[in-house]
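Let's go through the labels used for this model and set each one against its cut-off. Have the coordinates open as we go.

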Amino acid sequence: MAEKFKQQIFVAACPGFFPETAFEMAKQLAKAYSKDICFLGICFGKKELDSSYATTFEQWVKDNQNDCGEIGINYKVLTPSDDFTEVIEATEASMLIFQLNEKYAPFNKTQTLLDKCRDLRIPYFFVREGQQIAFDRILVPVGFLMEEREKGPFSSSFGRFFDSEIILMPAKDYGTKARQNTDSIRTLIEKSNIKWQEIAATKDSFKVELEAAQLAPSMNVDLLMISASRDYGLDDILLGPKERKVINRCQVPVMVINPRGDLYALCG
């Protein structure tokens, strides 16, 4: 059964609302990377599976298949006993998209979704209803940690598959590691003749992604790429990690990659 769902773009969903913006992003990604789309029903915390999941998702597939051309659409519903990370790994999902919604759990709690994604090996996106979906200009803040270089392969992929312009934003640190990471990303994307530019940040590595989230609308970027926290400290547990703050404040879609060196298997 897992074979049916291999290498798809997963759109997390529940029967309460159709994730229109997430589905639009999935269509664009699926078309560019030659993938299929799968509605993924998640029901964290429930003791029993609601039968409306399968009925609703089956109808969504029927309603939207004609508009997707050669892109296939499937659905898969997780049972309350399923392990989220294990399912994502077993299906070898390519990407995962969440559409936040204030009325429906778990899509009304960013931290719940982030907690579930801590061990994922794939990028995951957060969008909101009504956001414009495009990949023309992508903002990439860069900090001092070595794993920031993992933003390079993803930047290169967007540049090659979407002709995206990559906007690098190195943190303003006293040290040189953010500068070195930025140069590493730049070298990689230049090899593919990808459009890029660099803008100066005014914040250090601990706040550069928050600064990028605030600037994103005025810069007319379509997507903000960030890294999740390597570990959660006491401040992160009490006040929330920086990625939650970025997602909640940012007015454009946010792509999150996990900072683990053994993880990255890029689409394309």
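A residue is buried when its relative accessible area is under 20%, exposed when that area is over 50%, and partly exposed in between, using a 1.4 Å probe and protein chains only. By that rule, 51% of the 268 residues of the chain count as buried. This is a predicted model, where local features need pLDDT of at least 70, side-chain atom pairs count only at pLDDT 80 or more, and totals for chains, interfaces and linings use all residues. Residues are numbered from 1 along each chain as its sequence is written, and side-chain values use heavy atoms, with hydrogens and water left out.

Q: Why is C68 called buried?
A: The relative accessible area of C68 is 7%. The limit is under 20%, so C68 counts as buried. C250, at 4%, is buried as well.

Q: Why is S34 called exposed?
A: The relative accessible area of S34 is 65%. The label needs over 50%, so S34 is exposed. S34 lies in the loop between α1 (20-33) and β2.

Q: What makes the phi of S34 worth a look?
A: S34 has a positive phi of about 55° although it is not a glycine. Most residues other than glycine have a negative phi, and most peptide bonds are trans. D163, in the loop between α5 and β7, also has a positive phi of about 55° and is not a glycine.

Q: What kind of peptide bond joins A105 and P106?
A: A cis one, with omega about 0°. P106 sits in the loop between β4 (95-100) and α4 (110-116).

Q: What is D63 called: buried, exposed or partly exposed?
A: D63 has a relative accessible area of 47%. Partly exposed is the label between the two cut-offs, so D63 is partly exposed. D63 lies in helix α2.

Q: What makes the D63 and Q59 side chains a polar contact?
A: Their distance is 2.8 Å. A polar contact is a pair of N or O atoms within 3.5 Å; within protein, one must be able to donate a hydrogen and the other to accept it, and residues adjacent in sequence count only if both atoms are side-chain atoms. The side chains of D63 and Q59 make such a contact.

Q: How many helices and strands are there in the chain?
A: Nine helices and 10 strands. Both are DSSP runs numbered from the N terminus: helices are H or I with at least four residues, strands are E with at least two.

Q: How do you know that β6 and β7 pair?
A: Two strands pair if DSSP finds at least two bridges between them. Strand β6 (residues 137-142) and strand β7 (residues 165-170) have six bridges, in the parallel sense, and L139 stands opposite I167 in β7.

Q: What order do the strands of the open sheet take?
A: The order is β3-β2-β1-β4-β5-β10-β9-β6-β7-β8, with mixed pairing. β3 (73-77) and β8 (196-198) are the edge strands, since each pairs on one side only.

Q: Where does helix α2 lie?
A: Helix α2 (residues 52-64) lies across β1 (9-13), β2 (37-41) and β3, running at about 170° to β3. Axes are lines fitted to C-alpha atoms, for helices over the stretch in contact (heavy atoms within 4.5 Å). Angles run from 0 to 180 degrees between N-to-C directions.
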